[in-house]
Amino acid sequence: MSLLAQHTTLHLGGPAQALLIHTDPAAWPDLAHTVHRESMRPHVLGGGSNTLASDAGPAYPVILMATRGVTANSVAACDVEITAQAGEPLSELVGYSVAEGLSGIEYLGGIPGTAGAAPVQNTGAYGQQISDVLTQITAYDWQSGTIVRLPSPACGFGYRTSVFKTHPGRWTILAVTLRLRRSTFAAPLGYRHLAEELGLSLGVRPPLAEAAEAVLTDRYARGLILPESGPDARQAGSVFLNPPVSASQAKAILTAGGPMTRDQHRIQRASAGWLLGQAGYSPGCQLAPGVHCSTQRTLTLTAHEGATASAFRCPAYPGGCGAYRDRYPSAS
């Protein structure tokens, strides 16, 4: 019996009653048949980030997606479609696209997880998100028991969400297809941190490889790279969302010196990191036994000795959340 702690970046999680490791795309029908016999829909793991597994372990089957591989197909003079198996690490997929001179996901480097997990929360960074270039998802529909191909409009993409997130357990993503553009230049710079790292102005299109390298440098400097060792090594990545705020809340936050952004739907959003700081949280602070903010940023929670999944579900920080809600009601 395998502990899920061995397969999550928090290193938390009890024994899995049934852990199925999927390595061969051709073997999926047999694996799905095995799960159907359990009469329960499974939970799917990729790289194990963004995951809090229960201390007792799940009663349902767990599928570890370990399929690898990327194929490419030219579809226009300047466009190439690449299809990645669900278990392909997202960081390696980004590296592949940059090495091939393909622009579209160069700003997603350094994000933990897999290609198959990226569409679930519409992974994004530095102004890019996976839905910008995704054309099709190959998935298994547990409801119909068939493999389906879902075009991008059917995926319900929004700010850090999709139908795969709002309807958990309905589909298991098997492969993703992205349409990228041949270019020696990256997308225009839209984030100050990255522009400063490159020594360029906002709106400029930096060389593709330089942009990808600058992303990794900037993410490392701001504690956004999953470390291999040290006090911040056991973490799930940055899991907080920038919350939508009303016009009055936005005005109060701007008056207090806080940053504001707009998402692709032009909805005003406050900085979750700034709000947490206003609430009294700080890098390295303890929230519960074994649960801390990372030493570099409040947006990332880390596990230390004695941590449990139960402690992560209801961390306590005296006065913090109350002060936050009192000052910016309904923004939490």
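Predicted model: local features only at pLDDT ≥ 70, side-chain atom pairs only at ≥ 80, totals over all residues.
I'll start with strand 5. Strand 5 covers residues 62-65. It pairs with strand 3, residues 19-22, in the parallel sense over four bridges, and Leu19 has Val62 as its bridge partner there. Strand 4, residues 43-45, also runs parallel to strand 5 and is joined to it by three bridges.

Which way do the side chains of strand 5 point? Val62 and Leu64 go one way, Ile63 and Met65 go the other, and all are buried. As background, side chains in a regular strand alternate between the two faces of the sheet.

Next, helix 1, residues 28-36. Its buried residues include Trp28, Leu31, Ala32 and Val35. These four span an arc of only 100° around the axis, so they sit on the same side of helix 1. What do the buried residues of helix 1 pack against? The list is strand 3, strand 5, strand 11, strand 12 and strand 13.

Now the cores. The largest nonpolar core has 42 residues, and those touching the most other members are Leu93, Ile105, Tyr107, Ile137, Phe164, Leu178 and Leu194. Several elements supply at least two residues each, among them helix 2 (90-99), strand 11 (134-141), helix 3 (163-166) and helix 5 (208-221). Apart from this core lies another, of 18 residues, including Val291, Leu301, Ala303 and Ala307. In general terms, nonpolar side chains in soluble globular proteins tend to be buried together.

Take Phe164 as an example from the 42-residue core. Beyond its neighbours within four places in sequence, Phe164 is in contact with Pro119, Val120, Ile137, Leu150, Cys155, Trp171 and Ile173.

Then there is an open sheet of three strands, in the order 16-17-18, with antiparallel pairing. Strand 16 (286-288) and strand 18 (301-303) are at the edges with a single partner strand each, so one side of each has no neighbour in the sheet. Neighbouring strands here are turned by 35° against each other on average, direction ignored. Strand 16 and strand 17, residues 291-293, pair over two bridges, and Gln286 stands opposite His292.

Ser183 is in the loop between strand 13 (171-182) and helix 4 (192-198). Is Ser183 buried or exposed? With a relative accessible area of 17%, Ser183 counts as buried, because the cut-off for buried is under 20%. Its side chain makes a polar contact with the side chain of Arg205 at 3.3 Å. A polar atom of the Ser183 side chain also lies 2.9 Å from the backbone nitrogen of Phe185. Setting aside neighbours within four places in sequence, Ser183 is in contact with Gly101, Ser103, Arg205 and Leu208.

Arg170 lies in the loop between helix 3 and strand 13. Its relative accessible area is 22%, which makes Arg170 partly exposed. Not counting residues up to four places away in sequence, Arg170 touches Arg41, Tyr140, Asp141, Trp142 and Gln143. As for distance across the model, Arg170 and Ala303 are 133 residues apart in sequence and 30 Å apart in space, C-alpha to C-alpha. Ala303 is among the members of the 18-residue core.

Definitions and conventions:
Residues numbered from 1 in each chain as written. Heavy atoms only, no water. Buried < 20%, exposed > 50% of the residue type's maximum accessible area, 1.4 Å probe, protein only. Polar contact = N/O pair within 3.5 Å; in protein donor to acceptor, adjacent residues only side chain to side chain. Contact = heavy atoms within 4.5 Å. Core = buried A, V, L, I, M, F, W, Y, C linked by side-chain atoms within 4.5 Å. Pairing = 2+ DSSP bridges. Arc of directions from axis to C-beta. Axes fitted to C-alpha atoms, helices over the stretch in contact; angles between N-to-C directions.
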